[in-house]
Amino acid sequence: MWQLLDAADPAGRSTPGRRSVLADVIAELDHAGLVRPAGVRSWDRSQKPHLPRFVSLPASEPPKPAARMVWHHRLAWVEEARPSPAQRTHLESLNTWFHEHDHEDLPVIPHRERSVKIFGNEKVLDKLMGTALFGDGRLSLDILRARRVAPNFIVESLGHGPLLLIVENSDTFDSLVSALRREPGNVGLVGWGAGGAFEQSVLSIGRLTPAVRDVRYFGDLDAKGLQIPANAAAVAARGHLPTVKPAIGLYEAMFRYARPQPGQSRLAATTAHPIAAWLPPYLQNRAAEHLMRGTRLAQEEVGITELIADRRWRSDLE
């Protein structure tokens, strides 16, 4: 106890009345039930105040074992999957839902409607679908009696080419349709992604005519503008659709013409580089620099004037 007092109050080691300080501390800890002083026969009475020669720590109660979760047979794999604490909480909600519903008789409904019924939040399934909890022998939308909604995006037909060019914003969509109409090259369709809506509408690609074999995307150069196509690419891969790739010529044109706009949150390098990783390697560092500086490039800077005057943006579309 002397050592603990010295560690807690080293400046008072030589202060008169140090013994009284320790006596008060022990009495306070005893009153709080944190220590148990020795019996009166084991006290040091050589000086006043008298002090116990030792104190004991009260035995702590052993922790009560957590109630064992009885997993529904469709979740029998959970323990070996070692989910994170947050994932486990979601899985426990799902476990309750499985036990309470004869799911084979349930109608198949949009996945966000199913999400809010199971978890009380419409976005939970969106987060879980990109994790290892979904896959062979684990979760699937079929098991949850849910389906992804794939609304059609606005699309302009330019010819019979196998390439679909998706554009994030409406004005650039209009300008690219105008610039490509006479010489579409391999571009058969130009679609308006409508910002983050493309993460859902990407699934409608399989319904387009003519059939699409190649998908290119052009959006703003900021965190959101890069995350949208990356997320859509992951959704497309799970749906066995063509890979969503960057329209490299248009991004190169944006680096040539666009003026950096300030006002964005500055991202750490460990965050910026993974976000920029959707772009080809030789553009990733330049994109990451903007993310770390808190600047962005708007695709509207590659307007109809630039598209007509400089044909280099067509390099990977012809």
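Is F198 buried or exposed? With a relative accessibility of 0%, F198 counts as buried, where buried means under 20% relative accessible area, exposed over 50% and partly exposed in between (1.4 Å probe, protein chains only). The views below come from a predicted model, in which local features need pLDDT of at least 70 and side-chain atom pairs count only at pLDDT 80 or more, while totals for chains, interfaces and linings use all residues. Residues are numbered from 1 along each chain as its sequence is written, and side-chain values use heavy atoms, leaving out hydrogens and water.

**View A. The largest nonpolar core has 55 residues.** A nonpolar core here is a set of buried Ala, Val, Leu, Ile, Met, Phe, Trp, Tyr and Cys residues joined through side-chain atoms within 4.5 Å. L164, L165, F198, V202, V244, L250 and W313 touch the most other members. Among the elements that give two or more residues to this core are β8 (163-167), α7 (170-180), β10 (214-218) and α10 (248-257); helices (H or I, at least four residues) and strands (E, at least two) are DSSP runs, numbered from the N terminus. Helix α9 gives the most, with six residues. A second, separate core of 22 residues includes L91, L94, V124 and F134.

**View B. Here are the surroundings of L165.** Leaving aside neighbours within four places in sequence, the residues in contact with L165 (heavy atoms within 4.5 Å) include L176, L180, V187, L189 and V190. R216, A247, L250 and L317 are also among them.

**View C. R216 pairs with D214 in a salt bridge.** The term covers a side-chain nitrogen of Lys or Arg within 4 Å of a carboxyl oxygen of Asp or Glu, and by this rule the count comes to 16. For D214 and R216 the N to O distance is 2.9 Å, and both residues are buried.

**View D. D222 and R296 form a salt bridge between two loops.** Their closest N and O atoms are 2.9 Å apart. D222 lies in the loop between β10 and α9, and R296 in the loop between α12 and α13 (304-309), so the pair ties together parts that are 74 residues apart in sequence. D222 is buried at 9% relative accessibility, and R296 is buried at 14%.

**View E. Helix α12 holds the pair R293 and E289.** These residues form a salt bridge whose closest N and O atoms are 3.9 Å apart. Being four residues apart in the helix, they are separated by about one helical turn. R293 is partly exposed at 43% relative accessibility, as is E289 at 39%. Elsewhere, salt bridges that share partners join E183, R311, R314 and E318 into one network.

**View F. Ring pairs link F153, F198, Y217, F218, Y251 and W278 into a cluster.** Rings of Phe, Tyr and Trp (its six-membered ring) pair if their centres lie within 6.5 Å; planes under 30 degrees apart count as stacked, over 60 as edge-to-face and the rest as tilted. The count comes to six aromatic pairs. F198 and Y217 are stacked, at 5.4 Å centre to centre with 20° between the planes. F198 lies in helix α8 (residues 198-201) and Y217 in strand β10, so this pair ties together parts that are 19 residues apart in sequence. Y217 is buried, with a relative accessibility of 0%. The rings of Y251 and W278 have centres 6.0 Å apart and planes at 75°, so that pair is edge-to-face.
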